[in-house]
Amino acid sequence: MSEPKAPIPAPGDTYKGWLFKWTNYIKGYQRRWFVLSNGLLSYYRTQAEMGHTCRGTINLATANIAVEDSCNFVISNGGTQTYHLKASSEVERQRWITALELAKAKAFRMQAESDDSGDESSPPAAGQGGGSRNSEVQSTLRTLGSKVEDLSTCNDLIAKHGSALQRSLSELEGVRLEGQTSEKIRQVTERATLFRITSNAMINACRDFLSLAQAHSKRWQKALQAEREQRVRLEETLEQLAKQHNHLERAFRGATVLPPSQSNPAIDNKGSAPVKGDASDEDDENEFFDACEDVQEFITVPADPKYHRSGSNVSGISSEMGMDDGTTSLDEQSVASNPESPQSQEVVPMRKRRARIPDKPNYSLNLWSIMKNCIGKELSKIPMPVNFNEPLSMLQRLSEDLEYYELLDRAAKCNNSLEQMCYVAAFTVSSYSTTVHRTGKPFNPLLGETFELDRAQECGYRSLCEQVSHHPPAAAHHAISERGWTLRQEIALASKFRGKYLSIMPMGSIHCIFEKSDNHYSWKKVTTTVHNIIVGKLWIDQSGEIDVVNHRTGDRCHLKFAPYSYFSRDVARKVTGVVTDKDGKAHFVLSGTWDEKMEYSRVMQSSRGGENGAEGRQKTVYQTLKAKELWKKTPLPDGAENMYYFSTLALTLNEPEEGVAPTDSRRRPDQRLMEQGRWEEANAEKQRLEEKQRTVRREREREANCSASPSEEAKEPADGAEEVEIASEPSETTYKTETLHGSHPPAYPMEGPYGAPVKSGHQDNYKAMWFERRVDPATGEPTHIYTGGYWEAKEQGSWDSCPDIF
């Protein structure tokens with residue numbers, strides 16, 4: 001493809017164009033966009049980067065330009081920066097050399113003019129120029145100050161002697177020609193002489209001041225002009241940095257969109273047209289960085305054209321994978337996640353859900369006003385105000401995992417376990433999509449608090465969460481759908497504060513069971529990292545690996561969440577995965593981002609080869625069909641930035657409902673007050689609830705102690721009995737008042753500052769209301785499993801057994 005020829009450069013013009021720049025011995029010369037302006041030569045990876053990301057700049061005023069051959073030339077500023085460049089032709093090279101020489105001459109002339117051409121003294125030695133100029137300016141200012149003081153003194157004297165002269169003249173007019181005449185004339189003469197001397201001194205001081213000011217005016221004018229030009233350059237630099245910062249912030253907050261060709265990078269390398277809006281061009285994959293990157297474990301390339309023939313080939317592949325006759329394959333059905341799916345249109349919602357909540361108040365918070373009252377206190381006793389919260393509890397945040405329940409509905413219809421695995425993996429990733437902007441901290445549930453999400457009429461599922469333990473803090477979740485799937489999980493967490501960021505490691509497994517196929521899937525969650533805890537704007541990243549396992553068939557999906565890196569070439573928040581059968585054979589490749597969408601590609605053939613991966617191992621090359629969309633995030637509602645960035649589902653979670661249990665999170669008073677914008681009342685109510693929970697906990701411990709016989713106390717302690725001793729100060733050891741747990745922990749996970757460790761309290765043998773602790777038969781892990789009875793109690797309106805926690 002022919003490119004437009006660059007215009008012949010003119011003095012003072014900005015010159016732009018493509019050149020090939022030497023990067024390293026592996027990549028060689030790479031095509032870059034160069035811009036010559038104001039004596040500076042800058043380059044970018046693409047023209048689109050000019051607004052936000054400059055890859056390098058060299059000042060031509062001190063640079064050397066050397067021609068190597070017909071197309072190559074070198075620009076160096078003395079060793080710190082050297083650009084080896086190559087033009088497409090000798091004519092193009094000459095145009096660039098001409099433009100560079102003109103720009104260099106102009107830059108040198110501007111630099112020379114900024115020096116003091118009127119100063120006869122020799123220029124200061126290198127390394128002493130700044131100090132000499134500063135000393136000279138100070139000396140000049142002192143001299144001018146002295147002259148101004150002389151002028152002020154002369155002014156006072158002129159005023160004084162002028163007044164005396166005026167009085168003498170007045171007296172002379174009133175004197176008669178007698179013996180006093182000669183005396184008065186003599187006094188007037190003396191006054192006039194003093195006035196003349198003072199006036200002459202004033203005139204001389206003014207002359208000296210004027211001469212000195214004229215001598216330095218030229219230098220000051222040039223210095224002022226140089227400062228103005230420097231300010232303009234700084235303003236341009238700041239504007240460029242602001243654009244770059246804005247671009248990076250948008251990337252952090254979800255503005256980056258995964259290019260449709262991301263799952264097929266080999267096509268990009270071979271010259272396909274770049275996607276509009278993408279910051280990289282066709283040589284994006286060739287950029288070289290010195291920093292170590294997290295190398296991708298596999299490579300995908302287009303499958304042989306013979307695999308793209310539809311019909312008999314696809315059905316044959318499907319039968320090889322064990323698909324029953326008549327089953328619709330992933331390639332043949334619409335897999336985009338759409339809330340307006342046929343399933344959701346079958347039943348008209350029985351009630352209209354709210355679409356807004358009161359806007360978040362703009363209350364300022366002085367962190368020091370909180371911390372200064374915490375000096376000398378137990379960390380677990382430091383209460384954090386609701387200013388850091390959002391008006392939802394952690395149980396409600398846990399229920400948000402069901403935001404994209406349609407993926408499980410579609411998975412339930414699959415007869416093939418490998419295709420079903422793709423939907424389950426996409427559902428796993430989708431649960432993180434609500435966290436990208438949600439830096440507010442949810443309310444920590446009270447022990448025994450519950451939350452129901454009854455969407456049987458609209459969506460076909462019912463969900464129940466309960467806070468089943470406080471030490472360690474844990475919540476159990478059970479959801480069942482009339483469309484053939486059950487989801488259950490118990491989530492606790494560990495957290496580590498690392499100075500600038502907070503790492504939150506969820507512990508516990510999530511299980512999904514499909515009734516029709518009896519497939520039982522389980523997986524764990526990745527690490528959530530909250531950045532800029534102390535200073536800066538909070539932002540959240542997800543990183544780690546997930547293994548989704550089908551315990552019935554042995555199928556497995558390995559998902560990798562790439563941590564954000566400034567030096568990475570990949571799109572932010574990238575997720576990749578491979579679906580394999582029990583023998584390790586790959587059938588699908590997944591790719592996308594956890595905040596936008598996921599795509600899948602059917603693997604037609606795999607082989608070892610390609611570039612070497614980590615530790616010298618060869619990457620696996622997968623030949624895949626064209627990528628298709630598996631899941632896509634639903635846009636946030638209008639005005640979400642004023643409503644804590646809640647999704648459409650999150651806006652309805654705290655909506656008051658009749659008939660829910662008295663322990664339901666919707667009935668929590670401090671949370672309701674915060675949603676209404678009454679934050680001071682919410683803070684007072686929050687402290688009341690926490691103190692009430694402490695009192696109930698101490699009473700339960702006291703009863704557990706009294707029930708233990710002396711003979712039992714003398715025996716060897718049983719499991720957990722070593723924690724039964726009552727601390728000397730129970731009020732300081734009974735609670736870690738704010739510890740988060742759940743699917744996607746937000747910014748401030750602990751009531752004690754930033755995950756500070758606290759003493760584990762007394763085990764009081766508390767038993768959950770609707771869940772029972774058992775050993776999971778699939779994983780062998782102890783977990784809380786729903787025992788039933790909640791929905792029956794709701795139908796009967798019988799909540800007598802529920803504790804009074806609010």
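Buried means under 20% relative accessible area, exposed means over 50%, and partly exposed is what falls in between, using a 1.4 Å probe and protein chains only. With that in hand, let's look around this protein.

What you have here is a predicted model, where local features need pLDDT of at least 70, side-chain atom pairs count only at pLDDT 80 or more, and totals for chains, interfaces and linings use all residues. Residues are numbered from 1 along each chain as its sequence is written, and side-chain values use heavy atoms, leaving out hydrogens and water.

**The overall picture**

The protein has 16 helices and 27 strands; these are DSSP runs numbered from the N terminus, with helices being H or I of at least four residues and strands being E of at least two. Of its 806 residues, 47% are buried. Take contacts (heavy atoms within 4.5 Å) between residues at least 6 apart in sequence: 63% of them join residues at least 24 apart.

**Two packed helices**

Helix 9 (residues 406-413) and helix 10 (residues 417-430) pack at about 170°, and their axes are 8 Å apart. Axes are lines fitted to C-alpha atoms over the stretch in contact, and angles run from 0 to 180 degrees between N-to-C directions. Angles under 35 degrees count as roughly parallel, over 145 as roughly antiparallel, 65 to 115 as roughly perpendicular and the rest as oblique, so helix 9 and helix 10 are roughly antiparallel to each other. On the helix 9 side, the residues that meet helix 10 include L407 and A411; among their counterparts in helix 10 are Y423 and F427.

**Charged pairs**

A salt bridge puts a side-chain nitrogen of Lys or Arg within 4 Å of a carboxyl oxygen of Asp or Glu. The whole structure holds 35 salt bridges. Here are some of them:

| Pair | N to O distance |
|---|---|
| D454 and R462 | 3.3 Å |
| R573 and D595 | 3.5 Å |
| E599 and K597 | 3.6 Å |

E599 counts as buried at 6% relative accessibility, and K597 counts as buried at 12%. Elsewhere, salt bridges that share partners join R353, E458, E657, D664 and R666 into one network.
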